[in-house]
Amino acid sequence: MKNQGSKTSFSSPENSKAQFLLIQDRINYLRDNTDFASVLFESLIGYAIIAADFDGNIIAYNEGAHQIYGYAPGEIIGKQSIEIFFPKDFIEVGKLDHITEELIGKERFSYEGEKVRKDGSRFPAQILLTLTKGKNSKVVGFIEIVQDLTESKRAEEVLQSSEANLRKVIEKNVDSLIIVDRNGVVCFTNPAAEALFGRKAEELIGELFGFPVTAGGTTEIEIIRRGGETRVAEMQVVEIHWEKKDAYLASVRDITERKQAEKAKVEAQQQELQMKDDFISNISHELRTPLTSIKEGLSQILEGLLGETTEGQREFLSMCLEDIDRLARIINSLLNISRIESGKVELKKELLDISALCRNIIVSFSSQSKNKGLEFKGIIPKDKLEIYADKDKMVEVFTNLVGNALKFTDKGHIHLLVEEKEGMVECSVSDTGCGIAKEDLPKLYGRFQQFGRVYGPGEKGTGLGLSIVKNIIELHHSEIRVESELNKGTKFTFRLPKYTPRELFREYVVNGIKEAVHRKESLSILVLYIENFAVVKEKIEDNRIAAIMNKLHEVIGSSLRRKGDISFKNTRAILTILPVTKREQADIIARRLEQTIGNYMSEEKLDRVIKIGCKTAGFPEDGSNADELFDKIRVAIG
Amino acid sequence: MAKKILIVDDELHIVKMLENRLKQAGYEIITASDGQDGLEKARKEKPDLIILDLMLPKMDGYKVCRMLKFDEEYKHMPIILFTARSRESDKKTGEEVGADAYITKPFEPQTLLARIKELLEN
């Protein structure tokens, strides 16, 4: 065959048969050696092992072969069956030549091919052919070991297709997927990431990712593409294992368009509100001007500046003036609502003792309620109850609510209730008045909605009061509720958070920093605190500690006379904000305060019991936001 | 001698009524109907007090106020800003330009008279 010079010299079954005939004279040798192989043969179930002589006569055939091919040993042993070795088409296309050549050349040849069972079905197989040699190294036959690959092929196919699917999911994903190792170096990117970052995978991989990756939560990042274009993206990070190491998988979604649309929408809304506000502002100006001359003209006639008037004339003139004032109130209320809604109103929040405020309200309405024969009672805690709110606005809320209650109640009582509930301050105004019909409740806070208008004397409503009340309460991040029953009465309730010095302090620090950034100035915070609070708490009564803290607060208050210094206290610490103050200046102030307080403490003979500590933190020296500054003084505020 | 008050307002009805009220209260009144005229009359007539509207033709009330208040010769002259604008920012601007009082329209006659009296006495 070799001397025919062609690798495909076996081109027919006859030729391959001839090939087998070459080893015929070795058959006896193989027969002699079947004994030693038989144990191996039979134990290797799962492998088909067939030994043949050069003639192709099968001389050994194991149980594995029986199971794989389906031929019983009796059917096949001693017979020539080239087809058990090679499928017909295999022989026809001449692959056999190649195999034979390889086998003879190397004495052993392994390949992956197809085999045919007794029933004609085919299966993929791994095949190992080995030449067998006689004592004089003469080839006597061959052994074929076959492994059925059907199962492993199927498993591989499944694996391959699931891998392909996975790759498809990753490659076609519109979200960018980036794997970053523990050192922040990119180890994998998908095509979406290449598009988003405007860089090829090979430019990204191996480089620092450049954004902080922490698992959990969503962060917004700004990507600056080559050429300077900025994209806004939302990033979510999970921890994963990547090539046997801990890493992060970041999925990044481009939200630039969404952001732009949101921004445009907000701007349009603001513009609309601004236009509305300007419009209402102009209208009120235009309305007030003629109102001024009408009012002044009528006032002068009523006052007699233009000559004598009759009593009847004066009565009517008074009525006109009353209504002019009402018209002016409506205009003012409209303007107020418009300002609140356009976000123009900035609350002047302060620590506000709601108990005291409500007691004042009761006093201011007492004569009016007495005149109407109503009982007006306040159920208000004796102690200070502080909220963080705009005082003028809160007075407006109570004035409107109590005013309404008075207007719509003819007999019975009006109660103003203030109580502490679940860390909140709950305020309610209830009456035994005419109530509001169920169908009118949804319209209650609408503008110019007036229910159960009353005839008779007294100030008329503007139809805007409740709308303003609702707006004010909402500006304080709360909501107002109403319960009402026709002819039984109405109750308005709202809750505001009870003041916590810490939150309040934080808010002040946040605002202070905002202001400092805006004005490009610095800001410092200073904390004086009882260092050995646990010990002090055991030795001294709470009341006494509170009194001492009050005194300290006073001392600090009097030494910080500069406008803009804000100071708060909790049970163990007094916190002071020093705007436009550098850290080093704050330290000087701190030393001065420590000295003043030290003197006070020794005068009071408290210096042995109470240890006062002092901490300062400065923006921007110690941190760029409130939390970082707070970290500096955490030990002090506890 | 009667104190002299300058009323600067482009609303003629208001000017006429105010003039009547203040004359009856014993003041001498001069009037102007735009900012320019108001400024000139203030300088020439040297009134004891000025009631000054904000939205005026030719020169607005803030500017008139600022020009008088930042002039050594006239800065002692009390000025009441008298306007239908009631925004906080308007009042703040009024303070910044040195006005002595801010009265919004429509006004309470007694409040206006009280402020005038108070400012003239100081």
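Analyst: Let's begin with Thr292(A), which is found in helix 12 (residues 256-303) of chain A; helices are DSSP runs of H or I with at least four residues, strands are runs of E with at least two, and both are numbered from the N terminus. Please keep in mind that this is a predicted model, in which local features need pLDDT of at least 70 and side-chain atom pairs count only at pLDDT 80 or more, while totals for chains, interfaces and linings use all residues. Residues are numbered from 1 along each chain as its sequence is written, chains are lettered from A and ligands numbered from 1 in the order in which they are written, and side-chain values use heavy atoms, with hydrogens and water left out.

User: Is Thr292(A) buried or exposed?

Analyst: Thr292(A) counts as buried because its relative accessibility is 1%, where buried means under 20% relative accessible area, exposed over 50% and partly exposed in between (1.4 Å probe, protein chains only).

User: And what is Thr292(A) in contact with, leaving aside neighbours within four places in sequence?

Analyst: With those neighbours left aside, Thr292(A) is in contact with Ile14(B), Lys105(B), Pro106(B) and Phe107(B), contact meaning heavy atoms within 4.5 Å.

User: OK, how many residues does each chain bring to the contact, and what area is buried?

Analyst: Chain A brings 22 residues and chain B brings 19 residues. The area buried between chain A and chain B is about 1,800 Å², with carbon and sulfur atoms giving 53% of it; buried area is the accessible area (1.4 Å probe) that two parts lose on being put together, summed over both. On the chain A side, His285(A), Thr292(A) and Glu296(A) lose the most area to chain B, together 28% of what that side buries.

User: Switching topic: which residues touch the most other members in the largest nonpolar core?

Analyst: That core has 44 residues, and Ile354(A), Phe398(A), Leu401(A) and Phe494(A) touch the most other members; a nonpolar core is a set of buried Ala, Val, Leu, Ile, Met, Phe, Trp, Tyr and Cys residues joined through side-chain atoms within 4.5 Å. Helix 15 of chain A supplies the largest share of this core, seven residues.

User: What does Leu401(A) touch?

Analyst: Not counting residues up to four places away in sequence, Leu401(A) touches Val429(A), Leu466(A), Val469(A), Ile480(A), Phe492(A) and Phe494(A).
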